[in-house]
Structures are given as C-alpha cells and as structure tokens.
Amino acid sequence: MNNKPRIGVYVCHCGANIAKTVDVEAVSEFASHLPYVKVARNYAYMCSDPGQLLIREDIKNEGLTRVVVASCSPRMHELTFRKTLAAAGLNPYYLEMANIREHCSWVHTDRDEATAKAKRLVYSAVAKARLLEPLTEKEVEVEPSALIVGGGIAGIQAALDIAAAGFKVYMVEKTTSVGGKMSQLDKTFPTLDCSACILTPKMVDVASHPNIELMTYSKVEDISGYVGNFDVKVRKKARYVDMDKCTGCGACAEECRLRGTIPNDYDMGLGKRGAIYLPFPQAVPAKYTIDPDRCLMLTRGKCGKGPKCVEACAVGAVNFEQEDEIVEFKVGTVIIATGYEIFDASKKPEYGYGQYPNVINGLELERLVAASGPTGGEIVIGKGDKAMVPKEVAFISCVGSRDDSVDKPYCSRVCCMYSAKLAHLILEKLPEANVRIYYMDVRAFGKGYEEFYDRVRREGVHYIRGNPSEIFKRGDKLVVKAEDTLAGRPLEDEVDLVVLAVGLEPRQDAREIIDILKLSQSADGFYMEAHPKLAPVDTATDGVYLAGCAQGPKDIPDTVAQAKGAAASALILLSSGQVKVQAQISIVDESTCRGCGFCVEICPYGAIELVEINRMGNMAQVARVNEALCKGCGACAAGCLSGSIQQRSFKDQQILPQIAVLGAMK
Amino acid sequence: MNTDANTVIESFIQKYDLLGCIQCGRCTGGCPVTIRTGLNPRRIVYDSRDEEMLEELSNLTEIWDCTTCNTCAVRCPKGLKPVDVLVGLRNMLVEEGVIQPTVRDALESIFREGNPWDKPRATRCDWMEGLDVRIVEPGEEVENLIFVCCTIAYDPKVQVIAQNFVKLLNKAGVDYGFIGEDESCCASEAHNMGEEGLFEMMIEDNTELLNSYAAKRLVTLSPHCYSTFKNQYPDLKAEVIHYSHLLKELLEEKKIAFGKECSDKVIYHDPCYLGKQNDVYDEPRYVLKQIKGAEILEFERSRERSLCCEGGGGKMWVEGTETKEERLAETRVKDAREQGATVLAVACPFCVLTLDDALKAKGFEEEMRVADVLEFLGPFIE
C-alpha cells in the first residue's frame, strides 16, 4: 500500500464573497505546488452540487486520500463536505477546511494582502491534512421520552405534539397549575379570541393524555447525562392536599380562616385568596394547595380550635404531614419552555408605578377587564369610597423596552399589540372613555396586526407619538408629561388612569436552568439558541431545545410555532432511536496520566472522571473520557499538565506542523 | 472649506451621538422648561444633524432656556445627552465671540478674580470674620479639604451655609481645612454658558491647586461644584463628596447632635445637580430627620421627579425666551405651601436664591421661609 497522501485542494469563490477580495486563481495555482498536492482547483460555489461533484470525481479519478476545502467557516459547511468525502468512499475525517471567508475576505480590503493571507491559510491546512487520521462516529441509544420544563402555552403545545407522536412526556411546572401567562390574559390580539376559551382545552388535554405525566408545583433539581440519556431529578413540593383524594370541590377554601386575605398572584395581587386555594377556577389540575408560608397550621402549628379545611373536606384530602417528594427518571431529550417575567415598572421611578394606585401595568389591566378577574370584568380602580371608573386613560408604550437606561435595549414585540387590544377592550366597556396611546413607533408586524391597529384607531383610540418622560399627581388627576413629537408640542396631559405597556424580560430564576444544563444566555439575558436563523430552537447542548419566551419575547402565534418546532426537533431524535456522538473527542494516554484531576475540573461538560486502573501491577488513578459526553472542545487537551490528553483531529503532531508553516512562509 | 464644514459636522454628530436618537420625545417631555419657553431639545437634536443648520441653531434664543438640569439625559432611552448638544451650540457662539454682556462679565470675572460675581479675590474670605476657621497651606495633610463655592463665599444671603458648616466642623472635631483666598471657581457655569476654553483652563489650574494639598476628601458645599469636580475633573486625587455625606457620617458616629425641639414642617427640594445628576437623595433627608420635632414633608414631585428651580445653566446671568406661565420656582413654593410646609429646605445656594425670590414674588414670607439644610439646622446645633 502506498502511504504517501494524495491531497486535493478546492478554493471556493463563494460568488463574490471571496473572489472579490482574494485572487482565487492565484491561490489554487499556489496550492498546486505544495507538497503532496495532486490537484488544486477553484470554483464558484464549492458547496453546490457541481462543486461537490468536482471533489467526488477527483477522489475517484486522481485517487485522492485527503481533501482541503478553502471556503467559509467550518461551522457553515464542514458537515456538507464530510458527506461529500463519505459519498466517494473516503473517511469523512480526511477533510480539512481553510477559512478564507470569515477569517480573510470578509475582514480585509487589500486584495494583495488578502490573497497572500489566503495562501498561508491554505498552506497551513495542507500541512495538517496529510497528518489526519480516519475516525468513526459511534452511536448511542435514545431513551424514548422527553422532559418539558414549564407548563405555559409553549410547554403545553410541545408536550401535546410529542405525546401525540407516541412518546412519553414528563412535564414539570413550578406553579400549582399549567396555563402560564396566557391563562391570565383576557382576550388575544388581533382576533379577540377569549384566551381562556382557546387555552383551557389544551390544559385539560395535557392533564388527561395517557402519554403525559404532569408534575405541577414541582421543580427540576438536576439534569445529568447527555443527548439521548438524561437523568432527571424533580422535587414535587408538598401541597398538603392529597392529589388522589381531592375532588376540587372548594369546600375547604370556603372555610379557610384566611379566606380573602392573601393577594392572589394569578390576579396580579388585585384579588385575594385564602391559605388553601385554587389559583383560578379553570386551573389544571383542579386540586387545591395549601400555601406553606401563610397557612396558620403550617406556620404556627395552630388554627383556631382546629383547621376548618380539614373539617370541611368530605374526602379527608388535607394532610399537614405531607412532605416533598423526589422523583427520578430518564429522558432522551429536554425542552426548556420556562417563559418570561414582565418588566418591573418601579425600576423607572419617574412613572410612579407602585406609588400611585392608578398607574398600573398591562397584565394588571388584563385581570381588571377579564370576566374571571377580581372585579368581574369591571374597570374600577381602588375600592370602597375611593373606587373610581376612569374616563381619561393613557397607555405608555415601551416601558422597559428599547431603553438603554434600564438595560433593556430590545423590543418586546407584544406591547404595541396588547396595548391596542386593551385600548379596544376599554372602549368596549367604557364607551365614554377617552383613550390615548403614547408610542414611539407602532410595530404591527404579524398577520392581521396592522389591520387591527387600523381598526382601533378608527374606533377612537388616539395615538400620540411621543414617549412620556414623567408622571406626577395634580389634585385627583395624574399628569402625563410628554411631547407630541409630530406637532412638536410639549404637553401635560391630565388623566385618571395610566397603563404602562411593560416589556418582557428573562425570568429572575433563569440561572437555575443555566446551572443545571450549562445553557448560554444572549446579551438580552434570554436563553441563547444555537443559531439565530438556522437553529432557532436548538441550544449548544445536544438534545436540549427551546420553546417560547424563554428564548426571547414572542407573541402567542410565534410561541406556538416555536413549540411545534422544538417538538419536531425532539421527535427527530426520539423517532430515530439512535444518536451519533462526536468523533473528534479527547483521548487519555493512561500510561502517562498522573491522575491529577485538573482536566476533571476544567471540563465544561462533566465528561471526564478519575478511575483506578492496574498499571503494571500498581493501582493508579487516571482520567477517563466519557465518549458520549465529550464535545471535543479541547480544553482538557490544552490544560493537561503531563501532555497525556490529545484530541482527535487536533493532536499536537497534527496542529504543530500546521502552525509551523504559518511561520515559515513570508 | 466644504471639507472643513464636513469635519466640523462629523465631529458634532459623533461627539453627541446624534444618529443614535430615535426622536421619542422623552427629552422634551421631561424638560421642565419646555412648558413655559420655546425650547424643544428633541427638535434641536434632530436639526443638529444638518451641518447647514448649526449656525442658525446656535443663534436661537431658546438654547439659553436650558437650565442644565440633566433630566433629558437621564430619561433618554438611547444614552444621548441633549443638554450637552445645547451647551455645544452655546460653545459655537462663544467661539465666534457672540456673547451677551452679562455673560461676558461673568466669564471675565472668573478669569480675573476666580469667581463669576465680579468680586475681588481679596474679599473671598470676608464671610469668615469672627469665626475660628482653619486654613491649610498646599502640601499640608488634611482629611477633609473644604471647597466653599463662589456664590456662598460672596453672597450675603447664603454665606451662612459656610459659617454654620465651620461651627459644626469645629464642634465635631473634624480634621478639616479651607483653601482661603486661593480658592477659584469650579467653572461649572462657564462650561454651561459655552466657554469651553475657560473651563478647560480652570480644570487645569484647579486640579493643580487641589492636588497640591494632601487631602483625602474634597468636601463641597454646592452641588454644582460637587457634580463638576466629581464628573468633569478627571485627574483629582481626593474623593469628592457633598457636605450632606459628611453630615450624615458625623451624625451616625454621634460626633454631632441636634438639641432643641423644632416645630417646623420641613419640605425638602432635591437640587438637580445633587439628585438627578448624582443620585444623592437620601443624605440630606437623613440629616433633616435627625432634628427633633421637625415634621418632614415630601413634594409630589420629588427625588427622581424633582422639579428644577431654574437656577442653573447660566440662568443667573442670562435670560432665554421665558414668557409663558409662572416660573418653576414659583410653582415649587406654591406646591410647598399647599403641602403646609413652613420651611422649604434645599441643599444648594442657587436653589436658595431662586426659590427665595419666588417666595417673595408670591408674598409667602409670612408663612414660609427658604433655607439651605446647613442654614436651617444652625439653631439646633448642640
């Protein structure tokens, strides 16, 4: 067997992307004279079918044993060309790429210098190519089940899709009911569907589907393992109510001594509940929960002569002795659908939120206009003598969005439309009201949104272009201090009610999932997708997907679409039943490893552990790489103090010659 | 010529990040004077992007309406500082030598005598008469170097601020020292009136003078000096604080205390240069709360929403287009009276002067008085 490598070099024009700045002819001509290079060509689009055919033909006709493609970043097309090699019967890891686009043509303007640099990059790739070794990809079995974290509309949709495809789903929801923020909305834009009417059937489906195991009032405590084989640990918090016995009749809540005294989060604190409660009538599961921080029995050990809820419950479901339960199970894939929080408007003290009862946020108004809300759908501010039906109403858009002063530079995407919808609902309920929306730009980009914006304007909602700077009180009125920027007129607008269209922000507890799954955050703090355009539901962690506002602000249609996308991605994994694992992983030379454990510490994926082996009759600790967990990042290889770890395709003897020629060439 | 103009405009656009503006109108909406003058900061930011218009803009009378309260910059969602654009336009005017006589006199006075009030340097320490004041020489070690402020040093209405401070410092046994006649204006108002050259010169001279003392802290009596030293003097060695910081410290360490019951209802007005510009809201309130019996009131518009008194931004020397409605200082004293205050407390000499004028214009002298915190607490020093 002739062991001398035969290398083919292919220089891509990438249309004008590369060819405009780099003399591709000169580069391929240069490459043709390099050691072991049998053929060097340039072509308009190497990634195209004819481009790939060139490579396949040459492998066949010229007997190539190594291929160098000088084109874009390997992140774009390394996989494409590996497949090309494999199709021609060559081991796919005999490919080396020279990035002459992102690292060269896109960042330089001088054609001569860019060409010279492209030559060096190609030379360097050729120097490494001859030293490449063949690798094989291993496959592991996939556990046929999915974990969904978060029970809002995103999680619900993903769960239903995966369950419908026949796979087991574990859904973990932090609160006592599924439904999420969507369950708090009154109507949805632009169709004015009743939010509860379209959501509750899906909530019920989740609870009743034979393939879905629903865990509410629960928290994911740990996830370990790797794609296809995750070990999950969930804490089911004690409800102090036996789920199997409780019929949801509500007799307990009627009798609770604290009934009507505790602000209900579901109603944004505007309505009150007791210590034993169902957050809202359509809650799923329709099982009561005792608030451990408020219940007299649980906080003081005493509730009058005896807890009335126990007395009232005909089935004996109340159980003060109940304890948290830890559940462990295995899944093949994970979908993160943990949602968002609304911007806390008190961070902009100039608007007086938290100080004036008639400055409220959009979600609070949702509860006020909702028939299921604390006022039965009547728009009333305050209670008793101070109760007031507003006549002059002002919305302020972009509160906590597009605002560097509160570190929220992004657009929250839903506020323009929910303001329009809420303005419409106010006019529907209070036809005498004067409603204006102070805006900077109206972003009505979705299907039917512009039409809805047209509709509410014609209904009499007055749009004033100008973002208010300040709100203060004058007599009984709130003064909105702003400028009508279209008229160039500063104004002090006296109103009865101000609605702050607060933006969406990452959850305060976003870190918990990050720590468990090693996810990344984008600059805005939301979880980061693997690619903003081409992998919008994937994460950098294989087998973990994102759905809904956990990834960034979204309206309901986009959330549902993304949830279905995440479910499809998870199903690809689940239905194939097997997953290929990274071949370019690290390997430990156990004969020289000193077992210091430094690699164990620096491995970001927890893929290395210390094991004891018998080395020439002596027991010794050495590092061992879990091949399924290793991502091939190379941190251990670079960090190893004794040089005992090498990463496949990036071994010292492969990359040192690659670096050496960079220095050798002038 | 054209190239020159392009370079000028490019630097103007870049210097103030004008292309970052989204015309949301928060600057104009928040600006306290737009409601009673012709000023529209958003419009000026917009028009400033056109090089042809810069000269025209700099000739607008309304650019002198700005009190440099900084609300526009605090509220801007994109990090622009419209106030700096206005000061930049004033600067263009000054560079061309077009200066109103009152402004010219103030600037010349800063240059010659180290104060904008046209007073001789030799009388800068007259307020000290009869007081036991420690003056330090350059090179001397001192924990707290006190910076008086030109207005407090010369204006008999507010000299009491410095005088009471000396009494307190002596009582508390604080290691302090005054600069004496060598003290020169921080030049905050020179900057605000567009005299950038003089401002830069004063920064250089003052930095050299202030750094010549081995001082740990520079304690300012006026928020204008405080903000300027803190934010616009990059090379000062000493930590810059306001007197309310020091008072709070001394009260907490029980080095000073207030005796004697007070029966006043005190409302505190946040000076822009202390509050909005430097987030100092709590210290002056803390000090007032230590006075026994004093009932502390709050304005509806307080702290981050405090209303400017119109004393800054060169307004002591120049008029703008103010025509409509009452002065903001008058609104302020009216609001204070409505709240039932008997004392309108501030922590700024400019605020004292403007609010006191407004009080007299409204004829409220019988029911209420304006006093700096240091002036007000004088009788209660134990």
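Analyst: Two strands count as paired if DSSP finds at least two bridges between them. In this predicted model, an open sheet of 4 strands in chain B has the order S2-S1-S3-S4, with parallel pairing.

User: What makes S1 and S3 of chain B a pair?

Analyst: The cut-off is at least two bridges, and 6 bridges join S1 (residues 141-147) to S3 (residues 214-220). The two strands therefore qualify as a pair, and they run parallel. One bridge places B:Leu145 with B:Leu218 in S3(B).

User: Why are strands S2 and S4 of chain B said to stand at the edges?

Analyst: Strand S2 (176-178) and strand S4 (239-242) each have a single partner strand, so one side of each has no neighbour in the sheet. Neighbouring strands of this sheet are turned by 35° against each other on average, direction ignored.

User: Which helices of chain B lie on these strands?

Analyst: Helix H9 (residues 159-172) lies across S1, S2 and S3 of chain B, at about 150° to S2(B). Helix H12 (residues 223-232) packs on the sheet and touches S1, S3 and S4 of chain B, its direction making about 160° with that of S4(B).

User: How do you know that A:Cys194 and A:Cys197 form a disulfide?

Analyst: The sulfur atoms must be within 2.5 Å, and here the S to S distance is 2.4 Å. The pair therefore meets the criterion. The link is right-handed, with 85° about the S-S bond. By this rule the count over all chains is 1 disulfide.

User: Why is A:Cys416 called buried?

Analyst: Buried means under 20% relative accessible area, and A:Cys416 has 18%. A:Cys295, at 7%, is buried as well. A:Cys194, at 26%, is partly exposed.

User: What makes S32 and S33 of chain A an antiparallel pair?

Analyst: Strands S32 (residues 608-615) and S33 (residues 618-625) share 8 bridges in the antiparallel sense, against a requirement of at least two. A:Ile608 stands opposite A:Val625 in S33(A). The hairpin has 2 residues between the strands, and A:Met616 takes a positive phi near 50°.

Technical notes. Residues are numbered from 1 along each chain as its sequence is written. Chains are lettered from A and ligands numbered from 1 in the order in which they are written. This is a predicted model: local features need pLDDT of at least 70, side-chain atom pairs count only at pLDDT 80 or more; totals for chains, interfaces and linings use all residues. Side-chain values use heavy atoms; hydrogens and water are left out. Buried means under 20% relative accessible area, exposed over 50%, partly exposed in between (1.4 Å probe, protein chains only). Axes are lines fitted to C-alpha atoms, for helices over the stretch in contact, and angles run from 0 to 180 degrees between N-to-C directions. Contact means heavy atoms within 4.5 Å.
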